[in-house]
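Q: I have a chain open here and want to go through its fold. Can we take it piece by piece?

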Amino acid sequence: MRNGYKVITLLKDTSLIGKEVTVQGWVRTKRDSKNVIFIAINDGSVLDNIQVVADAEKFDADLLKLVTTGAGVEIRGTLSESQGKGQAQEILATHIHVFGTADPATYPLQKKGHTLEFLREIAHLRFRTNTFGAVFRIRHHMAFAIHQYFNGKGFFYLHAPIITASDAEGAGEMFRVSVLDPKNPPLTETGEIDYSQDFFGRATNLTVSGQLEGELAAMALSEVYTFGPTFRAENSNTARHLAEFWMIEPEMAFYDITDNMNLAEDFIKYLVRYALDNCMTDIKFLNDMYDKELIERLNFVVNNNFIRLNYTEAIDILVGSGQKFDYPVKWGTDLQSEHERYLVEKHFKCPVILTNYPKEIKAFYMKQNDDGKTVRAMDVLFPQIGEIIGGSQREEDYDKLVNRMKEMNISEHEMWWFLDTRRFGAVPHAGFGLGFERLLLFVTGMKNIRDVIPFPRTPKNAEF
Ligand code: ATP
Ligand code: MN
């Protein structure tokens with residue numbers, strides 16, 4: 001069944017010229033010119049189509065009627081140097097087989113030029129457009145490059161659980177996992193839902209982060225990374241938030257915050273360089289179609305050192321900027337994306353790594369500084385995106401960690417296994433989380449995070 005060559009090969013491999021070849025794919029366009037029919041075939045292997053030229057007289061007219069935009073076909077013929085301009089090689093057809101038709105009257109992608117919003121409503125079909133072909137090829141290459149990067153550095157890929165019982169990080173933002181009857185759940189004496197009767201004998205959720213498990217493994221394997229789906233039930237309907245997204249979380253023993261920043265910068269530059277080296281056809285398409293500065297921005301990131309500065313210095317810059325923000329800033333407030341983007345796009349014109357945030361706005365596990373006010377957090381801020389990475393050196397001191405948990409009302413009792421890493425063989429360590437779709441927003445130049453994941457999950461939306 002699987003037969004012939006991918007389009008990418010047919011377009012490139014000049015040694016096939018003059019040979020009989022077969023291509024399997026989908027019709028993108030069909031154009032009649034006198035007795036010659038031009039059919040553009042795409043199979044997803046590359047952005048470009050291969051042109052098929054068919055002599056109308058040699059084929060049954062009823063068969064040719066079925067060859068319409070969207071139809072699934074197999075075409076055999078001779079590969080030739082193209083007469084027309086725009087393509088190097090084309091197929092002079094001798095056999096045409098239609099596997100599946102696509103009725104022009106009802107096929108939604110009959111015409112070009114649909115909006116991204118409309119295509120989101122037909123996410124099951126949008127793979128068939130140039131734009132989403134490009135985006136999802138890039139997505140694949142970035143996933144591959146991530147594994148290649150860490151494998152080359154001796155990191156081990158850790159599969160963190162997707163169902164977790166710990167809710168230390170995101171109280172109130174988690175999706176519950178339960179098999180109890182929602183209409184008639186068992187209740188405790190005080191009238192609460194009795195999760196001890198649930199599947200796991202306790203309340204469980206979809207994970208918001210693999211970090212805590214990453215820390216456990218790093219205390220033996222030294223350098224690990226997770227790369228899996230994470231879930232947040234926060235109701236933030238923005239162009240940068242999904243309820244289900246993928247995160248890459250390296251966790252390294254014997255790393256301090258500087259090592260952590262160095263790794264984050266090197267990692268992200270590697271990925272962007274990989275995209276420029278391996279995905280240029282698709283990037284160039286997206287650059288020309290959607291974002292004329294995309295390639296320039298990608299090159300800039302690869303070729304320049306990220307600015308590193310303290311949260312406190314960033315606040316001084318923002319306060320002194322005279323800029324009007326929707327959310328006012330002062331020391332102690334969490335930075336909004338408008339502040340992050342001001343620093344990156346207006347002030348420094350360069351990616352920024354911010355460190356040493358106030359402890360009140362960061363998680364309990366971050367290493368406390370001697371000033372008693374700040375923690376060794378680091379956020380990597382990017383043009384167009386804002387925060388792309390969040391990370392920290394971790395608090396390895398048992399007493400300091402427990403004190404902070406008490407202050408934040410986090411149960412030591414439930415987190416006994418996490419605290420064990422500080423009881424036995426604790427060493428300095430650090431890590432961070434890169435949002436995979438935020439990286440893809442940057443690399444593709446797309447503006448909405450719903451357009452870089454195949455089937456976006458956002459509030460009130462899980463159709464496909
Ligand atoms: P933000 O402030 O942008 O909501 P966060 O501080 O809650 O992000 P972290 O908990 O630090 O995010 O998660 C690490 C990384 O995961 C972020 O830097 C970002 O790249 C990504 N990320 C976080 N939340 C989302 C989301 N809802 N959708 C997509 N990516 C996300
Ligand atoms: Mn963060």
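What follows is a chat about the chain as a whole, then some strands, a helix pair and a few residues.

Q: What kind of model is this, and what gets counted?
A: This is a predicted model, in which local features need pLDDT of at least 70 and side-chain atom pairs count only at pLDDT 80 or more, while totals for chains, interfaces and linings use all residues. Residues are numbered from 1 along each chain as its sequence is written, chains are lettered from A and ligands numbered from 1 in the order in which they are written, and side-chain values use heavy atoms, with hydrogens and water left out.

Q: How many helices and strands does the chain have?
A: The secondary structure comes to 13 helices and 16 strands. Helices (H or I, at least four residues) and strands (E, at least two) are DSSP runs, numbered from the N terminus.

Q: And what does the C-alpha trace span?
A: About 85 × 55 × 45 Å along its principal axes.

Q: How much of the chain is buried?
A: Buried residues are 50% of the 464 in the chain. Buried means under 20% relative accessible area, exposed over 50%, and partly exposed in between, with a 1.4 Å probe and protein chains only.

Q: What share of the contacts joins residues at least 24 apart?
A: Taking contacts between residues at least 6 apart in sequence, 66% join residues at least 24 apart. A contact means heavy atoms within 4.5 Å.

Q: Which way do strands 1 and 2 pair, parallel or antiparallel?
A: Strand 1 (residues 20–33) pairs antiparallel with strand 2 (residues 36–42) over seven bridges. T29 has A40 in strand 2 as its bridge partner. Two strands pair if DSSP finds at least two bridges between them.

Q: What about strand 3, how does that join the others?
A: Strand 2 and strand 3 run antiparallel, joined by six bridges, and I37 has A54 in strand 3 as its bridge partner. With strand 5 (residues 89–100), strand 3 pairs in the parallel sense over three bridges. There, V53 stands opposite L92 of strand 5.

Q: How many residues of strand 3 are buried?
A: Five of its six. V52 is in strand 3 (residues 50–55) and counts as buried because its relative accessibility is 0%.

Q: What does V52 touch?
A: Leaving aside neighbours within four places in sequence, V52 is in contact with I37, F38, I39, I41, I75, I91 and A93.

Q: Change of topic: which strands does strand 10 pair with?
A: Strand 6 (residues 156–157) pairs with strand 10 in the parallel sense over two bridges, and Y157 has Y225 as its bridge partner in strand 10. Strand 11 (residues 244–253) runs antiparallel to strand 10, with nine bridges joining them. T230 has F245 in strand 11 as its bridge partner.

Q: Is strand 10 (residues 223–231) mostly covered or mostly open, and how many residues are buried?
A: Mostly covered, with nine of its nine residues buried.

Q: Why does M247 count as buried?
A: M247, which is found in strand 11, counts as buried because its relative accessibility is 8%. Not counting residues up to four places away in sequence, M247 touches V208, S209, T226, F227, G228, T230, R232, G433, L434 and F436.

Q: Now the helices. At what angle do helix 5 and helix 12 pack?
A: Helix 5 (residues 211–221) and helix 12 (residues 416–423) pack at about 35°, with their axes 10 Å apart.

Q: Which residues meet there?
A: From helix 5, L212, E215, L216 and M219 meet W417, F418, T421 and R422 of helix 12. By class, this contact of helix 5 with helix 12 has five nonpolar, one polar and two charged residues. Ala, Val, Leu, Ile, Met, Phe, Trp, Tyr, Cys and Pro count as nonpolar, Asp, Glu, Lys and Arg as charged, and the others, Gly among them, as polar.

Q: Why is T421 called buried?
A: T421 counts as buried because its relative accessibility is 11%.

Note on methods. Axes fitted to C-alpha atoms, helices over the stretch in contact; angles between N-to-C directions.
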